[in-house]
Amino acid sequence: PLTASDRLRTRYDIGTKQVLLQINDARPQDAGEYVVVATNPAGQDTTATPLTVVPDKPGVDERGFVPSDKFRNLEQPKTQTPRPLAIVPGVDVDSFIAPKTQTKEGQDTEEEERAPRVMVPLRDTSAEQSMPVLLTATIDAGSPMATFTWLKNGQPLVEGDRYTTTYDLKPKTVTLEILDAKPTDQGTYTLRATNPFGNDETTAKLAIRPASSPDTLPTATPKPVEIKAPVPTKQEMQQVQAPKVTVPLENVEATKGSPVLLRATIVGTPTPNFVWLKNGQPLMTSNRLRPRYDAPTKQVVLQITDVRPEDAGHYVVVATNPAGQDSTGTTLTIADDRPKVPTDNSRIKNQPEGEAPRPLKVVPGVEHQPSATAPAEEQRAPRVITPLTDNIVEESMPAIFRSTIDIGSPIGTFTWLKDGKPLVEGDRYITTYDIKPKVLTLEILDAKPSDQGTYTVRAANPFGTDETTAKLAVRPASSPDALPSATPKPVEIKAPVPTKQEMQQVQPPKVIVPLENVEAIKGSPVLLRATIAGTPTPNFVWLKDGHPLMTSNRIRTKYDAPTKQVVLQITDVRPEDVGQYVVVAKNPAGQDSTGTTLTIADDRPKAPTDNNRIKNQPEGEAPRPLNVVPGVEHQPSTTSPVEEQRAPRVIVPLSDNVVEESMPVIFRSTIDIGSPIGTFTWLKDGKPLVEGDRYITTYDIKPKILTLEILDAKPSDQGTYTVRAANPLGNDETTAKLVVRPASSPDALPSATPKPVEVKAPLPTKQEMQQVQPPKVIVPLENVEATKGSPVLLRATIAGTPTPNFVWLKDGQPLMTSNRIRTKYDAPTEQVVLQITDVRPEDVGQYVVVAKNPAGQDSTGTTLTIADDRPKAPTDSNRIKNQPEGEAPRPLNVVPGVEHQPSLAAPAAEEQRAPRVIVPLSDNVVEESMPVIFRSTIDIGSPIGTVRSHIHFFCTLNHL
C-alpha cells in the first residue's frame, strides 16, 4: 500500500468518474509502478501505470504555477478600452433582419411594438472553481428589438476574455458564459433588457465553490488551518451579530492512534471565518486534520484522524466577522497505552473492540438515575416519539443520529443495529440517552464508506418493544486528502437514464451551433463549445486527431441541458493540445458530430494592457487631489462621429449616506460628462479629497455612472462630499452628506430611565390560585468567571404557581436597567435568565434573583468575576447547559404599563380609545440558549389596558 505523505493528494470526482493521485513535487524515490484498485460490493477492477522521474533539464516547464503575467490579459478585453458587457441581439444569428410576422397570405408585416419581457428568469447557480459558468434566461426582446446589459452586484459587467454572451432569437435565449470561474466571480448577476417602450430584468446569484481538481488545490506547503466564510449577503450585513460561543470546546483525553473530534457551537451573522491555534500559534495544515463549519447546527469541528503524541497541547478556535470575534479553547492530552479501568463511569463511552466484539447497547439512566424518592411510574412499553431521520455526511466527518424515545417503565435498554445486525462496539461509536428530554444519540466519528447502510435502534423492556430506522449515506470528502483516484480514459459525458416520456418522443442528435476554430495563447484557458439538441439527452464523446481524447487534470467537459450546449474546457493550453477536435453526440435515435481546429498563437512579448484600468493609488509623499478622468476606462472609438459640444450635467445626484464604522461606503451619481470629455474632482467639506488606499473612484461612460467607494469607513470620513464635473464649456456638481455611526453596540440603543431589573408575572388565573405553590429553586445560579467584553448569561430554574415575579439584586441592592442587560422568564422551562451583552469590570459582584408569588418566595445567588486578560484555558462554568423542562408550561402574559409606567407629569386625561397595534411583532430566529426578544409598538389606549386586552406575548412597549 502507498503510505500517506504530505506530498500526496488523492481524490475521486463523481461527476467525471475520475480518480486521481497527485504528487506535489516528484522525487527520484517516487519512481515505480502505481496501481489503483477500485472495489464495491459487486466486484473490483484495477489499472496501473509506471512513473519515471527524469533528471532536471533546463527549459522543461516544471513550474508549480503559471506565472501571473500569463493572466495579465484574461480579465481585460484585447482592445485598450474595457467596456460594459452588453448584448446586441442577433449578433450571433447570421443575416439578422428585424423581426417580422407573416400574415395568412404570407406577406411580412412589422411586429406590434412592445416592451421586453422576462419569460424564464435566471436561476441561482453554483459552479466549481475553474469550470465554465452558464447563466441562461428566456426573454422576449420586444419590438423594436431590445438591448441587453449584464450587471454584477449592481455594476455593469465589464468586457473581458472570460465572458461570452449571446442572444438566440428563435428560442429567445440569452446566455452569459464565464470561462475558468474564479472566486471573484461570485456575486449577484442581473440581466436588463431595454427598448423605447420599457424594460425588464432578472437576477440570480452565482456561488463559486472550491475546485474539485488537484490543479488548484492547496499544495503540500503547510498553511494555517482555517475556514473561510461565504461572501455575506446584503441581508446578513444589515443584521450583523458578533460571533458568540454558545457551547465551548471541552477538554479531551485521547488514546494514541484514535480519532479525535474537537467541537464547539459558535453563532454569528454573517457566518464567521474560523482560525485554529495550537499553543498560541496558528495550527498548520496536515493530512490528518479536517476543519469544518456546519451552518445549520452552528458547529465548528476539528478532527484529527489518528492522534499522536505531538498533537497534545492547548487548542483555540477564533471566530471573526465584521461585527467582532469570540474564541474558545481546550486541552488535548494523550493517554498512556497501559490498560486501565475507565474512570468516567457516569457516561456511556465507546469501548475499544475486544477479542469478542459485543453489540452496542445503551442502558438508559446511566446518566440520569431516577431519584430515590420519585413516585413509582405506571408500567408501560417503550415508544418512539420522534423517529430517526436519514443522514448524509461527508467522508471523515462525524455522523449523528438522534431520536426521541420514551423508554417506558420499568426502564428498558436500547440496541443499535446496522443492516439488521447488531452494531459492534468500536472506538468510533458514542451513544448516549438523556432521560429528561428522552433523546437518544448515536455519534459515529470519522465516517467511512463502510459505515453507509441502514441503522435501527430497538428499545425494549418486559412490556414490549419499539424501534425506528434510518439510512446513512457517506459521500466522498470535499478534501483531497482522503479521497479514493485513474488511468486516462476517453473524455465523455454519460446522459442520465431516459424517461418513459423521452423514449416516446425520440429525436436524433442535431448540431444547432457547430464548434468554431480557436486560436489560443499558450497558458490561457480555452473553451470549445457547440449547441446540440436531441431527445433523449445524448451521450457525448470527444476526439482529438481522430482518436478518443483522453482525460487529464487540465480538461473539463460538461453538457448544459437547458441551453443544449456541450463544452470542453482546457484550463491552460499547451503546444501538445494543438489539433483537430470533434465531439460526437449519440442517442438511441442516431448521432451527429461537429469539429474544430485549435491552434496556439506565438508567444512574442507585447505591451501589457492593464494600463486601461483605474487602480487605487497608494498615498504618496505629496498628496494629490482625487480626480477621475472619464474615458480612461472607455476611450471613444477613433471612428465614432464627432459629438455636439456641451457642458457636463448632473442627471441623478448623489444621495446622503449613513454607514456603520468599518463598513464600505459607496456614493453614486449619474452624470453626462459632456463634450469634449471633462474631468471629475471629489471634495470633502469643500477641500479636494486626497488620494489614499481606501478610495476607489470610477466613471463608466455608457451608463454615465460615477462611483466613489470608501473602504473601511472611519469617524473621520464623516462630512459633506461633492463631485465637480468640468470641461471647457462649463461645469456642474452634486453634494451629499456621509454619517458614520459607531459599529453596532448595545450602548447606542435607546434606554429608558434606569429602574430595577425585574420580570412581572401575568395576572394569575382562577385555577392557578386554587393550586398555589411557593417559588422553589430547582437549579440554582452558578458562579461565573467571564472575559472582559464577552457576553454572560446567569440562569436558574425556579418553579411556582402562580408564576412568580422576579427581581434581580447586585451586592444587596436592586440591579438597575441598562442597555447591556436583558432579563426574561421562560414559563415552559421555568428558567429565569439575566444576560449581560458585554461584561465590564463594574459588573463584578454578587447577583441574587428573588422569586415571589402569593404563596411565598425563594432566591438563589451567584458571584460574577472577570478573568484577567492573560491567555488561559476557558472555563465552562459560564456556558449554558441544557436544563430540564418544567412540569407546567403556561402562556406568558404581560400587564402593559408594568415596565413603563406613565410619567407623573403626564398631560391631562387623554381621549378614551381602544388599544391599537402600530408596528406588529416580527418573526424571530435565535440561537439555542440565547434570550428571545419580541418587540411591538402598541398604542395601549386610554385608559391604559390590562391583560383583559388579551395581549399574550413578551414584549417591550415603547413610550407612547
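The model is predicted: local features need pLDDT of at least 70 and side-chain atom pairs pLDDT 80 or more, while totals for chains, interfaces and linings use all residues. Residues are numbered from 1 along each chain as its sequence is written, and side-chain values use heavy atoms, with hydrogens and water left out.

**Entry 1: the sheet with β64.** I noted that six bridges join β63 to β64 (residues 831-836), and that the two run antiparallel. Strands here are DSSP runs (E, at least two residues), and helices likewise (H or I, at least four residues), numbered from the N terminus. Two strands pair if DSSP finds at least two bridges between them. I then read the strand order of this open sheet of four strands as β58-β60-β64-β63, with antiparallel pairing. At its edges I found β58 (773-779) and β63 (821-826), each pairing on one side only. From one strand to the next the twist averages 25 degrees; axes are lines fitted to C-alpha atoms (for helices over the stretch in contact), and angles run from 0 to 180 degrees between N-to-C directions.

**Entry 2: a sheet with β20.** I traced another open sheet, whose four strands follow the order β18-β20-β24-β23 with antiparallel pairing. Because β18 (241-247) and β23 (289-294) each have a single partner strand, one side of each is left without a neighbour in the sheet. I found six bridges between β20 (residues 260-269) and β24 (residues 299-304). Val260 stands opposite Ile304 in β24.

**Entry 3: Gln235.** I located Gln235 in helix α1 (residues 234-238). Gln235 is exposed, at a relative accessible area of 53%; buried means under 20%, exposed over 50%, and partly exposed in between (1.4 Å probe, protein chains only). From Gln235 to Thr269 I read 34 residues in sequence and 9.7 Å in space, C-alpha to C-alpha.

**Entry 4: backbone exceptions.** Most residues other than glycine have a negative phi, and most peptide bonds are trans. I recorded a cis peptide bond between Ser409 and Pro410, with omega about 5 degrees; Pro410 is in the loop between β30 (399-406) and β31 (413-418). A cis peptide bond also joins Thr535 and Pro536, with omega about -5 degrees, and Pro536 lies in the loop between β40 (526-535) and β41 (539-544).

I also checked Asp685, whose phi is positive, near 50 degrees. Asp685 sits in the loop between β51 (679-684) and β52 (687-688) and is partly exposed, at 45% relative accessible area. Lys704 has a positive phi of about 65 degrees.
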